[in-house]
Amino acid sequence: MNYANAKLQEEKVFKDPVHRYVHVRDQAIWDLVGTREFQRLRRIRQLGTTYLVFHGAEHSRFNHSLGVYEIVRRIIDDVFKGRPEWDEGERLLVLCAALLHDLGHGPFSHAFENVFETDHEQFTREILLGDTEVNEVLRRVAVDFPEKVAQVIEKTYPNELVVSLISSQIDADRMDYLQRDAYYTGVSYGHFDMERIMRVMRPRANGVVIKESGMHAVEDYIMSRYQMYLQIYFHPVSRSAEVVLNNILKRVKQLRAEGYWFKYDPQHFLPFFEGMVTLEDYLALDESIMLTYFQFWMKEDDAILSDLSRRFVNRKLFQYVNFDPHERREDFEELQRLFTEVGLDPNYYLVHDSTSDLPYDFYKPGHESTKRPIFLLMSDGQLCELSEKSLIVESIAGRIKVDHKIYFPEELLSDSSISQSLITKVKKLLL
Ligand code: NI
């Protein structure tokens, strides 16, 4: 039997708190899970800094990846199998793409990519196609198989149905992370009836559609996305942690550029400073390594680096207020001057952050061609876009509310060594 169809002698299961069990029957899937590149995902949290707010949110990209795989497996094996629109020959491809879709994520993705200008999607491709254990397994299926998996993840694969299972407005990726993030944060929103949604999914040439009778289950899913974005993903305190983290990395990069002599050589970061990052360098970084460096950096002589590292490790985060520096430019400039006057470098201690650069796309019909909207399959066989039928979805579709905040160290406002008149001025502008 060839490797593409090879089954395990006995089915393997992973216990999973969200889907109860994750079932593996294919040899290739089992082998991929065992690769070092996939195991690395255990050391990267799914929600970055969110664990500093919701202490349960310690789950990793490893859990999530297995979950996405399991959802796709159930859809194709339980619902699509035997339907004429579904090509069983795509089965292993879509399962591999589901399992590996987040493979290139680095530690604390947002902040890291922002400061070091790396791109996790590019690294996913490199891991799939480079000299890696994952590539070795995929090549056993077929020589062109690694490239196909990359195309599905990058949404360029010609079979749109296959792509839509992993990236669309209602895909296995989102269905897994919404439920998983809700479970691990412990919040009550985020839950929806996925079993029901899976039952009413139908394969069509250009993507998955939903039988009209499943509309209310889909409405619930959209609402859960909306709630999760506002309550979890944009939580102002995890954004504060993100700001501190971002500034630690920014400071390290700046110090390095100035020729600062580090007491603890930032070995793992050197290739990133030089912009000469090999795949090995990238894979060597994970969140445990980063947190270890933060502990070292607490003891550095540079006051900003040691302070910010201490803040992150001990969770002494920044305070925030609603403030849009674009609208209040003069006030912001005045604040920058006052911060400098009290000895705080505004580049690190007065930080504007807005949610606009985050994926606030809880539902935008037809917004991006790559994120195809949800189509309902009516009883007469016609397709109808969801927000045309659902009042609930129509009312929240495409509404983008950009939220601007500035983050700063709160102790500043009660520091007795700073003159009262300065503090009063700062307070007047901030509060
Ligand atoms: Ni994902």
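Visitor: How much accessible surface does the chain have, and what share of it belongs to carbon and sulfur atoms?
Guide: This is a predicted model. The accessible surface of the chain comes to about 19400 Å², and carbon and sulfur atoms account for 47% of that area.

Visitor: What share of the residues in the chain is buried?
Guide: Of the 431 residues, 57% are buried.

Visitor: Which radius of gyration does the chain have, and what would a compact globule have?
Guide: The chain has a radius of gyration of 24 Å. A compact globule with 431 residues would have a value near 22 Å, so the two agree. Along the principal axes, the C-alpha atoms fill a box of roughly 75 × 50 × 35 Å.

Visitor: How many helices and strands are there?
Guide: The chain contains 22 helices and 9 strands.

Visitor: What about contacts: how many join residues at least 24 apart?
Guide: Taking contacts between residues at least 6 apart in sequence, 71% join residues at least 24 apart.

Visitor: And the charges? How far apart are the mean positions of the positive and negative ones?
Guide: There are 53 positive and 68 negative charges in the chain, and their mean positions lie 4 Å apart.

Visitor: Let us turn to single helices. How many residues of α3 are buried?
Guide: Helix α3 is mostly covered, with 19 of its 20 residues buried. This helix runs over residues 61-80 and reaches 27 Å from its first C-alpha to its last, close to the 28 Å expected at 1.5 Å a residue.

Visitor: What follows α3?
Guide: G82 follows α3 and has a positive phi, near 85°.

Visitor: How far does α12 reach from its first C-alpha to its last?
Guide: Helix α12, residues 215-233, reaches 25 Å with its 19 residues, which is close to the 27 Å expected at 1.5 Å a residue. Its buried residues include M215, V218, Y221, R225, M228 and Y233.

Visitor: Now α5, please. Which of its residues are buried?
Guide: In α5, the buried residues are S109, A111, F112, V115 and F116.

Visitor: Why does F116 count as buried?
Guide: F116 has a relative accessibility of 9%, and buried means under 20%. F116 therefore counts as buried. This residue is found in helix α5, which covers residues 109-116.

Visitor: Which residues is F116 in contact with, leaving aside neighbours within four places in sequence?
Guide: F116 is in contact with L249, K253, F269, F272 and F273. F116 and L249 are 133 residues apart along the chain, and their C-alpha atoms are separated by 8.4 Å.

Visitor: What comes just after α5?
Guide: Just after α5 there is E117, which takes a positive phi of about 50°.

Visitor: Where does F108 lie, and what is its phi?
Guide: F108 lies in the loop between α4 (91-100) and α5. Its phi is near 40°, a positive value in a residue other than glycine.

Visitor: Is F108 buried or exposed?
Guide: F108 is buried, since its relative accessible area is 3%.

Visitor: Then what about K155?
Guide: K155 lies in the loop between α8 (145-153) and α9. Its phi is also positive, near 65°, in a residue other than glycine. With a relative accessible area of 35%, K155 is partly exposed.

Definitions and conventions: Residues are numbered from 1 along each chain as its sequence is written. This is a predicted model: local features need pLDDT of at least 70, side-chain atom pairs count only at pLDDT 80 or more; totals for chains, interfaces and linings use all residues. Side-chain values use heavy atoms; hydrogens and water are left out. Helices (H or I, at least four residues) and strands (E, at least two) are DSSP runs, numbered from the N terminus. The radius of gyration is taken over C-alpha atoms; the globule rule is 2.2 Å times the number of residues to the power 0.38. Buried means under 20% relative accessible area, exposed over 50%, partly exposed in between (1.4 Å probe, protein chains only). Contact means heavy atoms within 4.5 Å. Accessible areas come from the Shrake-Rupley method with a 1.4 Å probe; for residues, only the protein chains shown count as cover. Lys and Arg count as positive and Asp and Glu as negative; His and the chain ends are not counted. The place of a charge is taken as NZ of Lys, CZ of Arg, CG of Asp or CD of Glu. The expected span of a helix is 1.5 Å times one less than its number of residues.
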